[in-house]
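Please read the following account alongside the sequence and the coordinates. It follows the strands and helices in turn and then turns to individual side chains.

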Amino acid sequence: MTGADHGWRTLEIPIRPGTTTPTHCPWGHDLAVGGVRQSWLQDYRAPEWLCEACHALPGRGGLWASIDPSPRRHVTEDQVDEYGLRLVLLRPPTPAGIGSIQLRLGHTTFGEVQLSLCSIDQRAILVHIDIEQKHRRRGAGSVLVAAAAARGQRYQWTTLPIDRDPTSLAFWARTGAPGPAAPHPCTHQLDAKVVPAEARWSKWW
């Protein structure tokens with residue numbers, strides 16, 4: 001990584017996964033009715049949108065940025081610099097093992113999703129997602145889940161059991177999981193110890 005330390009950075013403008021012109025803002029307004037303006041957010045290096053219906057309401061800014069979650073936008077560690085919001089791919093140490101995707105802006109890491117992909121059996125497991133406390137509720141989690149799902153579009157997805165605390169439940173209820181919370185590892189993922197022993201056989205049949 002190069003450049004100055006920007007550990008102070010925050011997600012001042014919320015983000016959402018997307019590659020096309022949105023039809024609704026993150027707060028539910030129909031943009032064809034309420035109106036929308038597009039610009040370019042240089043700090044993120046991503047399209048920025050303004051919902052005019054939100055913007056007209058007291059205390060509602062209505063701004064958000066669209067982040068492309070597709071694999072063609074993922075970069076490796078050696079490609080990270082201090083410019084632009086990046087999805088950084090950290091490959092697993094072993095085939096079908098646990099790798100991760102981080103959401104980073106310069107030296108600041110906002111969150112990370114851990115996943116396992118077996119290209120032989122086309123099995124995918126979402127292992128864990130973690131967003132730094134001070135960066136939550138800004139869309140980082142939904143972008144990371146979308147980025148993970150995009151790496152295994154034709155895979156059979158399952159996830160490890162979801163935490164039952166209110167924050168986790170609210171996040172998954174809003175974002176949606178890529179597969180059921182009943183891990184179904186293949187033999188290669190079992191060999192890589194992707195799934196804890198106590199979760200391996202739950203709800204397999």
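In this predicted model, six strands form an open sheet in the order S5-S6-S7-S8-S9-S10, and their pairing is mixed. Its edges are strand S5 (74-75) and strand S10 (156-159), each of which pairs on one side only.

Helix H3 (residues 140-151) lies across S5, S6, strand S7 (98-105), S8, strand S9 (123-131) and S10. Relative to S7, H3 runs at about 135 degrees.

Within this sheet, strand S8 (residues 108-118) contains Ser116. Is Ser116 buried or exposed? Its relative accessibility is 0%, and therefore Ser116 counts as buried. A polar atom of the Ser116 side chain lies 2.7 Å from the backbone oxygen of Ala96. Beyond its neighbours within four places in sequence, Ser116 is in contact with Ala96, Gly97, Arg123, Ala124, Ile125, Val127, Gln189 and Val194.

A further helix is H4 (residues 166-175), whose buried residues are Ser168, Phe171 and Trp172. These residues cover an arc of only 90 degrees around the axis, so they lie on the same side of H4. The cover over the buried residues of H4 includes S9 and H3. On the face of H4 turned away from the buried side are the exposed residues Pro166, Ala173 and Arg174. Both ends of the helix can also be described. At the start of H4, a side-chain oxygen of Asp165 comes to within 3.2 Å of the backbone nitrogen of Thr167. After H4 comes Gly176, which has a positive phi, near 85 degrees.

Strand S2 (residues 36-41) and S3 run antiparallel and are joined by 6 bridges. They form a hairpin with 4 residues between them, and in the turn Arg45 has a positive phi of about 55 degrees. Across this pairing, Trp40 stands opposite Pro47 in S3. S3 is also joined to S4 by 3 bridges, again in an antiparallel arrangement. Here Glu48 has Ala65 in S4 as its bridge partner. Why is strand S3 (residues 46-51) described as largely enclosed by the rest of the structure? The reason is that 5 of its 6 residues are buried.

The aromatic side chains remain to be considered. How many aromatic pairs does the structure hold? There are 2 aromatic pairs. Trp27 and Trp64 form an edge-to-face pair, at 6.1 Å centre to centre and with 80 degrees between the planes. Trp27 lies in the loop between strand S1 (15-17) and helix H1 (31-34), whereas Trp64 lies in strand S4 (residues 63-67), so the pair ties together parts that are 37 residues apart in sequence. The two partners can be set side by side in accessibility: Trp27 is partly exposed, with a relative accessible area of 35%, and Trp64 counts as buried at 3% relative accessibility. Phe171 and Trp172 have ring centres 4.9 Å apart and planes at 75 degrees, so this pair is edge-to-face. Both Phe171 and Trp172 are buried, and they are among the buried residues of H4.

Technical notes: Residues numbered from 1 in each chain as written. Predicted model: local features only at pLDDT ≥ 70, side-chain atom pairs only at ≥ 80, totals over all residues. Heavy atoms only, no water. Helix = DSSP H or I, 4+ residues; strand = E, 2+ residues; numbered from the N terminus. Buried < 20%, exposed > 50% of the residue type's maximum accessible area, 1.4 Å probe, protein only. Polar contact = N/O pair within 3.5 Å; in protein donor to acceptor, adjacent residues only side chain to side chain. Contact = heavy atoms within 4.5 Å. Pairing = 2+ DSSP bridges. Axes fitted to C-alpha atoms, helices over the stretch in contact; angles between N-to-C directions. Arc of directions from axis to C-beta. Phe/Tyr/Trp six-rings, centres within 6.5 Å; stacked < 30°, edge-to-face > 60°.
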